[in-house]
Amino acid sequence: MACIIVGGGVAGFQAAAACRAAWPDRAVTLIDAEKEAGYYRTLLPQFIAGGIAEEDLFFPPRGVDPLLTVLRGVRVRSLDCKERRLVLENGETLSYERLILAHGGDPYLPGILATAACGGIFPVRDLTTARKTKEWLADHRNVLVFGGSLVAVKTAAHLRHAGFEVSLVVRRGHVLLRALSPEAAKVVENHLRDLGIRLHVNAPLEDLRIKEGVISGLKAGGEWLPCDTLLVAAGTSPDTSFLEGSGLLTDGELVVNPALQTSDPRIFAAGDVAVIAAGGEKISPNTWPQAVSQGKRAAENLYRSTPLPLTDLTRINAMELHGLAMVTLGPPVDGAEVISYERPEAKVRRELFLIGGKPVGGALIGDISAAGTLHALIHSGRVIGSGEAALLRPQATGVIPFPEPAGRREALILSSKR
Amino acid sequence: MKVIGIRKDRCTGCKTCELYCAAERCSESKTLLGAVQEAPAPQPRVHVEGGPNDAFPLQCRHCLQAPCIDACLTGALCRDEASGMVLIREDLCIGCWTCTAFCPYGVITPSPERKIALKCDRCLYMENPVCVDVCPTGALEVVDLEEIEKLLHEKRLATAKAAAGVPEGSLLLLDQGRSVKS
């Protein structure tokens, strides 16, 4: 009987490492459905585009730890909370003392794609599929990326940079709908077009054309778009299949408190599978840094009599799109006041969303200076003053603003003529 | 663990530390004259913040719970076990800038030309940090956190002793270790 962690993504691996560090006398078993566990999922777009070698995808090796067991290629069939055991698909049963569910989600595939029986359609989610995609792309150059998520945008940009013909098809009004305001998204979209990506927004999926068992076109937003490869990055849906009947699900979701504890105090959840109920709302940040913090916090809380909450639930993310740096500080909120700084000719837009004078989110596009300071400001929950709001202006000097000295500045010119 | 300490009252905001840091740690030529002519311009890892009367140099604080390490997508940011410093392995950095969004001090800066993030490593492999060596007013110095801890311990002890000796009904001035009759 020991700690079991389900899921070998970053949340699971962080949880395993944190558990061994915080509770050194407890044995940990990590179960992962994939044959390879412990790689940087966020690098898959670069890997597919050939920008990064496969050996650089994996986490640095850890020293041998006799109390840490990793079971790869093993799926969980069911969870019995009363008996405190997991039944695996190979029939084996594992008992646990504490359990962390960090098995993430499955790629969301719109119905028409989920049932399509043809070659050339790949979700961007796991390494096994990424390898197949890379192999396929060796002799297919016309790629269509479906989705408006961060992964979709990154995949499109990296493939275009690698010389592929790329179209990005977005179901709704603009890219990165969950992270950016329409104004900020416009800057990103213009940059994608400048890279040579054909962008189709407001283009819901309608039909597929298949030729000799391979995708040859996609109809979206009333237009037929030819392609020989379709990469799907339209988000993920949490995998709750083996939790049915366990009593842990609320309306089909694995809801946890801010300390990442489920309704069973012995079971914690972290990463994409967890939906955190905090302050009357449900939050699932679904970002890499959140998965890391959640994995760590869940493990540290395992044997605490009073588990500590995770306080920073902001959806911070950053990326570099071949010449355009961006940081998202939190999604746009209805009714929020927007303060912004814009320089469209330089592809710069920096904005903050304020509610009652407190910053709750924002985005920095094209110039990401003071990103960390603005993040800390959002996290502090304070009402900001004009000095702090000045952080939105790109920083030529420092990130901590100080008031200008009062009075006019004058230069004394020491010249013989005066 | 040794860190760079700042004597705020001594900093005049002259930015000598910035200049020499950029020249020594980021330029090809390693000289001031050569550095200012290089493109891209060498970037410093220390930044003088504040205005004319409140200037102070700020560089990586090597936080004990460093949010940048957790944020790093590739494991390029790591803690050096021997020195306790937070270091960036430039060969692993892909320039995604996630760490810059998590540093509350804003001292990790992107270098878009080199596609890596830059931060202070306290000139770990040099005898002394460049900024400390060149500061004309001695505002920067290398301090041992254990020494600081000892000083704090002494101060706490003095405070506790003062508190124990306070006559009843009197007001204690904790920071002074003195008491006054009410």
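These notebook entries record what I looked up in the structure above.

**Entry 1. Ground rules**

I note that this is a predicted model, in which local features need pLDDT of at least 70, side-chain atom pairs count only at pLDDT 80 or more, and totals for chains, interfaces and linings use all residues. Residues are numbered from 1 along each chain as its sequence is written, while chains are lettered from A and ligands numbered from 1 in the order in which they are written.

**Entry 2. Domains of chain A**

I looked up the domain assignment, whose bounds come from an automatic or database source. Chain A is given domain 1 (2-104 + 239-301), domain 2 (108-235) and domain 3 (324-392). The C-alpha centres of domain 1 and domain 3 of chain A lie 32 Å apart.

**Entry 3. A parallel sheet in chain A**

I then turned to the strands (DSSP runs of E, at least two residues, numbered from the N terminus). Two strands pair if DSSP finds at least two bridges between them. In chain A, 5 strands form an open sheet with parallel pairing, in the order β8-β15-β9-β10-β11. Which strands stand at the edges? They are β8 (121-123) and β11 (198-200) of chain A; each has a single partner strand, so one side of each lacks a neighbour in the sheet. Neighbouring strands here are turned by 20° against each other on average, direction ignored.

I followed two pairings. β8(A) joins β15 (residues 229-232) of chain A in the parallel sense over 3 bridges, and Phe122(A) stands opposite Leu231(A) in β15(A). β9(A) and β10(A) are also paired in the parallel sense, over 5 bridges, with Asn142(A) opposite Glu165(A) in β10(A).

A helix is a DSSP run of H or I, at least four residues. Helix α5 (residues 150-161) of chain A lies across β9 (142-146), β10 (165-169) and β15 of chain A, at about 165° to β10(A). For this angle, axes are lines fitted to C-alpha atoms, for helices over the stretch in contact, and angles run from 0 to 180 degrees between N-to-C directions.

**Entry 4. Covered elements**

I call a residue buried if 20 or more other C-beta atoms (placed from the backbone) lie within 10 Å of its own, exposed if 12 or fewer, and partly exposed in between. In β10(A), 4 of its 5 residues are buried. In helix α8 (residues 371-380) of chain A, 7 of its 10 residues are buried, including His375(A) and Leu377(A). What covers them includes β23 (325-330), β26 (358-365) and α9 (386-389) of chain A. Just after α8(A), Gly381(A) takes a positive phi of about 70°.

**Entry 5. Contact between the chains**

Two residues are in contact if their C-beta atoms, placed from the backbone, lie within 7 Å. How many residues does each chain bring to the contact? Chain B supplies 26 residues and chain A supplies 27 residues. On the chain B side, β2 (47-49) and α3 (67-71) are the elements that give two or more residues, and β2(B) gives the most, with 3 residues.

**Entry 6. Leu87(B)**

I found Leu87(B) in strand β5 (residues 86-88) of chain B. Is Leu87(B) buried or partly exposed? Leu87(B) counts as partly exposed because it has 19 C-beta neighbours inside 10 Å. Not counting residues up to four places away in sequence, Leu87(B) touches Cys78(B), Asp80(B) and Asp121(B). Its C-alpha atom is separated by 13 Å from that of Leu64(B), 23 residues apart along the chain.
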